[in-house]
Amino acid sequence: MVRDLMFAGKRHFREFLKSDEKISSRILADRLDSLLEAGVITRSDDPTHRQKAIYSLTEKGIDLFPVIAQIGIWGRAYRPVTKESAAAAAELERGGPRLWRKTMAELRRTHLAHP
C-alpha cells in the first residue's frame, strides 16, 4: 500500500484492491488498519463520494521513501521485474538522494496539504 501511495498515486480502497498482489479485501483492510495504527497513513472522507475514504501518507510514511526506493533498486538487480518497475528503479538509482528529496517534497504537497 505504501508503495502504491508513493508511486502509483492510489488513494482509495478499490484502487489498492486492484494492485498486482491480488490480496483479499479482508487482508487489505487489515493492512490498512495496521498502517493507520502505526501512523504511516491517515484516512479521511472523500468529499466526492459519501462511501469512499481517501488514504494519505503521513510524514512518517513519506520518510519511508528512501527505504522503498532502495528496495526497488535492489529488486531490479536481484529479482525478476517488469520493464516499468525496472525503469522506475533505474531512474531512482540515477537520480539518487536529490531526486528522492524532490519526490518526497511532491508527496508532502499531495498527501499533507489536503486529502
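This note goes through the nonpolar core and the salt bridges of the structure above.

1. **Ground rules.** This is a predicted model: local features need pLDDT of at least 70, side-chain atom pairs count only at pLDDT 80 or more, and totals for chains, interfaces and linings use all residues. Residues are numbered from 1 along each chain as its sequence is written, and side-chain values use heavy atoms, with hydrogens and water left out.

2. **The core.** Start with the largest nonpolar core, which has 21 residues. A nonpolar core is a set of buried Ala, Val, Leu, Ile, Met, Phe, Trp, Tyr and Cys residues joined through side-chain atoms within 4.5 Å. Buried means under 20% relative accessible area, exposed means over 50%, and partly exposed lies in between (1.4 Å probe, protein chains only). Ile 41, Tyr 55, Leu 57 and Phe 65 touch the most other members.

3. **Who supplies the core.** Five elements are listed here: helix 1 (2-8), helix 3 (25-37), strand 2 (53-57), helix 5 (65-78) and helix 6 (83-111) each give two or more residues. Helix 6 gives the largest share, four residues. Helices (H or I, at least four residues) and strands (E, at least two) are DSSP runs, numbered from the N terminus. In soluble globular proteins, nonpolar side chains tend to be buried together.

4. **A look at Ile 41.** Which residues does Ile 41 contact, leaving aside neighbours within four places in sequence? They are Leu 5, Leu 32, Leu 35, Leu 36, Tyr 55, Ser 56, Leu 57 and Thr 58. Contact means heavy atoms within 4.5 Å.

5. **Salt bridges.** The whole structure has eight. Each is a side-chain nitrogen of Lys or Arg within 4 Å of a carboxyl oxygen of Asp or Glu. Side chains of opposite charge can pair when their charged atoms come close.

6. Arg 3 bridges to Glu 21, with the closest N and O atoms 2.6 Å apart. Arg 3 is in helix 1, while Glu 21 sits in the loop between helix 2 (13-17) and helix 3, 18 residues apart. Arg 3 is partly exposed at 40%, and so is Glu 21 at 42%. Asp 4 and Lys 10 also pair (4.0 Å, N to O). Both Asp 4 and Lys 10 are buried. These four, Arg 3, Asp 4, Lys 10 and Glu 21, are linked in a network of salt bridges.

7. Glu 59 bridges to Arg 108, with the closest N and O atoms 2.8 Å apart. Glu 59 lies in helix 4 (residues 59-62) and Arg 108 in helix 6, so the pair ties together parts 49 residues apart in sequence. Glu 59 is partly exposed at 32% relative accessibility; Arg 108 is partly exposed at 27%.
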